[in-house]
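Thanks for coming. Please have the sequence and the structure open while I talk.

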Amino acid sequence: MKIINNENTFSILFFLILFIIIYFINFFFGSAIFERTVTNLFIYIILVVGLQVFMGNSGILSFAHIGFMSIGAYSSGLLSMPIKMKGFVLRDLYPIFENVAFDPILSILIGGIFTAIIAAILTLPLMRLNDAAAVISSFALLMVIHSIVVGWSAVTNGPRTFFGLPKATTLEIALIFSFLTVIFAFVYKNSKFGLLLRASRDNDIAAESIGANIVYLRWFAIIASAFLAGIAGGLWGHFITSFSPKSFYLKETFLVISMLIIGGSFTVTGAIAGALLVTIGYEFLRWTEKVIKFSDAIKFEFIGLTEIVLSITIIIFLITKPKGLFPFKEIGDTINKIIKKE
Amino acid sequence: MKMLEINNLQVNYGPVIAVKKVDLFVNQGETVVLLGANGAGKSSTLLSIAGVANKLLGKVKFSGKDITKFSPEKILTLGIATVPENRDIFPDLSVKENLVLGGYINRKKNNILQDTIEEVYNLFPILSERNSQVAGTLSGGEQQMLAIGRALMSKPKILLLDEPSLGLAPTIVEKIYEHIEQLKKDTNLTILLVEQHAMKALSIADRVYFLRLGEIVSSGKASDLKEKTDFKKIYFGE
Amino acid sequence: MFLQYIVDVLSLGSLYALFALGLVLVYGILKLVNFAYGELVLVIGYSIFLLKGSPFPWFFMAGTAILMSILFSIFTDYVAFRPVREKSVTAVLITSFAFATLLQNAALLLISAKPKNVPMPSFLSDSVQFLGVITPVRNLISIFVTFLCLIIFYQFMKRSTLGLAMRAAATNFNMTRMLGIPANLVITSAFAMSGLLAGIAGTLWMSKIANVFPGVGLEPLLIAFIATVIGGMRSVHGAVLGGFILAFIDMSFNYLLPQDILKFRDVFTFSIVILILLIRPQGLVKGPATGIRT
């Protein structure tokens, strides 16, 4: 199967057009809040598609993804933080970092690469595990990363807020990175690596008989996945300009996994759809919480409502549509079919 | 009256169709044998009666009642007991504990439970000897006897036996079949027996069905067949 | 000094062991991980809190809380397990995770994000002195209660028909059903017992921290998790052993390590988890044979 085939091309074109439409909606009608939401959306698309690259092709649930995001956020922040801020935020910082401050975008890229390297080292032995063991080990990995981030105050400011990052992530930058991620995901999915990995997902013995080295295939996928998570982390960090280890823990893990499950973990379209829907739903519910609070209509604070609705939604989805909204076909496949009919 | 009746059965495991079309029946007091090579669909047929196989099509009737969609628990309470292919005894529980579980539906009636255990020990004296031994340490033949004894604990009306000779030495197989014959004499229990080991099975059978590649290809009285030797052809399909 | 250490490890270990046991009960039979398990401690804490100020004696409040824990455990089965059990192992992980999130946020929404004080009988915090050991009463009660629970539990599993059925179900669920033993009864019993154990352990936990907040269930969940992986996910003995081992590790770290290394304690414990999964995934104590001959 050619890497750039009709279905792929249609899918990529579809999302290009969709992203551009979103951009122009914001350009003409968007408020500040809308622009924030859309930028956040594009960052989350990178995050969820990154998770899809590993989970969708290998079939293994990974809890470590947000951990990788945090590595990207902190490492890129460390590199790009203005020197004066560094002295203020990170009192015990190692001398080697004290006087450097790189361009934010460069920092984000280096952060992504650094995350990929860390992932490569930490995950190789885990890639031969299956089923429950693989999932539990990924969960343990998340805990380990979280714990290190909380404890290594010299570079992370520990459990306290890590602030002072330059606000470098614009909507345009987020969009571009997002689109590049989407292209990568489609290319990977239909490449030899993606195909063999998916074959192993469905039947590992058969796959090995045609020469698939499952451990390395998974490893490559999780490194790519971690790189994307690191990039997303860097972009997010430079968007929100301050964060703490609390921003990269179970709540966010649950959110990302929800997006992927609801959309459909087997397809890139699913990942994007999930990110889109959950973001819209999330923002709507948050807005509802605020409106009720400010209107004094009901003397009751609806904190937690969003998460409750999300939890219930995900349970319902898993019961009724366990493979998600887009279980098998990418949007390009559907377009291709429509065109062929005409 | 037909005690057990199967019509138009089709069983699948995912994309593989294990049983294409099976029709058979068992009368009360009969011993019916289902013969066939590996992969013919014998176990799947039995398991579908027991309620654990995935039935695509067909009906299973017991004493006239349609039990096709019943759960395994319900099927046992109706009087159908199964001894599966792997015996599936609980290896970490003792012989006695295995038997007690077999008699679960009679657990409230303590004297029935005790009496039935005694009956099983009479039939299989070796189990009495080993009654507090952990079942996983029993020999293959002993495990087979335990599995049969356990099935008898529920005082079933019909016993489904899946390849009792599997993995056992010929002398042990002899013993097992002796026990089964004794069982038939004592209780007139209805039996549906699935086997690859044709000769032994035929010796206790009233009627025989031949299963090949998921379909019944031949059937008849065992006494008629014992005379003919061309059942080998039907069996292997030469 | 050494005796003090032993008492500390035993009292912490007894708590951990109960938590681990509750988790392994469900895993052993269903082969599924219950992510909502830790929230039973949340249920305990908030139940006692909500009963504060009522005219009932403390024992009654604790008893009601434990009852709530049992009910919520059974409820977890109906909400998160039963609908998706057949679908996939991953699905159950996520639904139970979602259910846990649901419970935490329900507490957030209906009660408060702020920690609430959970009233405990004051005598529990009184110190007891013997043989050079100083320890609060509740530690000794922990050890005693756990000991009692383990004996009762062991006897129940060994002698009662239901216990027998549960052990059989953990080995071979299908065969158990083919003997006429109702699957639903076995599963509900497992969840109920899991809820009971978590409830008792949770009450003891509350006596330690005296506080409840929406995220209170995370630590017990992780403890149960780690203890079971170390000790053996398919073995009841393993889970209990794992609990004591983990307590031993945690206590030793507290005693021996300086503060700035101590904050990386979780890194160490979770690395052990990963190591065990790599080297001996079944844990230290092997579970029941599966009874299937290849």
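Let me start with terms: helices (H or I, at least four residues) and strands (E, at least two) are DSSP runs, numbered from the N terminus. Residues are numbered from 1 along each chain as its sequence is written, while chains are lettered from A and ligands numbered from 1 in the order in which they are written. This is a predicted model, in which local features need pLDDT of at least 70, side-chain atom pairs count only at pLDDT 80 or more, and totals for chains, interfaces and linings use all residues.

I begin with chain B. By the DSSP runs, chain B has 10 helices and 10 strands. Its C-alpha atoms fill a box of roughly 50 × 40 × 35 Å along the principal axes. For the radius of gyration, taken over C-alpha atoms, the globule rule is 2.2 Å times the number of residues to the power 0.38. A compact globule of 238 residues would come out near 18 Å, and chain B has 17 Å, so the two agree.

Next, burial. A residue is buried if 20 or more other C-beta atoms lie within 10 Å of its own, exposed if 12 or fewer, and partly exposed in between, with C-beta atoms placed from the backbone. In chain B, 44% of the 238 residues count as buried. Two residues are in contact if their C-beta atoms, placed from the backbone, lie within 7 Å. Of the contacts in chain B with a separation of 6 or more, 69% are between residues 24 or more positions apart.

Now chain C. This chain has 12 helices and four strands. Its radius of gyration is 19 Å, close to the 19 Å from the globule rule for 294 residues, so chain C is as compact as a globular protein of that length. Buried residues make up 52% of chain C.

The unreviewed UniProt entry lists "transmembrane region" for several spans of chain C, including residues 6-28 and 133-157. UniProt positions are given in the numbering used here, feature names are shortened, and annotations may be inferred rather than shown by experiment. Residues 6-28 of chain C are 100% helix, with end C-alpha atoms 30 Å apart. Residues 133-157 of chain C are 84% helix and 16% strand, and there the ends are 35 Å apart.

Two strands pair if DSSP finds at least two bridges between them. Strand S2 (residues 127-130) and strand S3 (residues 133-136) of chain C run antiparallel, joined by four bridges. C:Val128 stands opposite C:Thr135. The two strands form a hairpin with two residues between them, and C:Leu131 in the turn has a positive phi of about 45°.

Last, the interface: 33 residues of chain A are in contact with 35 residues of chain C. On the chain A side, H7(A) gives the largest share, 13 residues.
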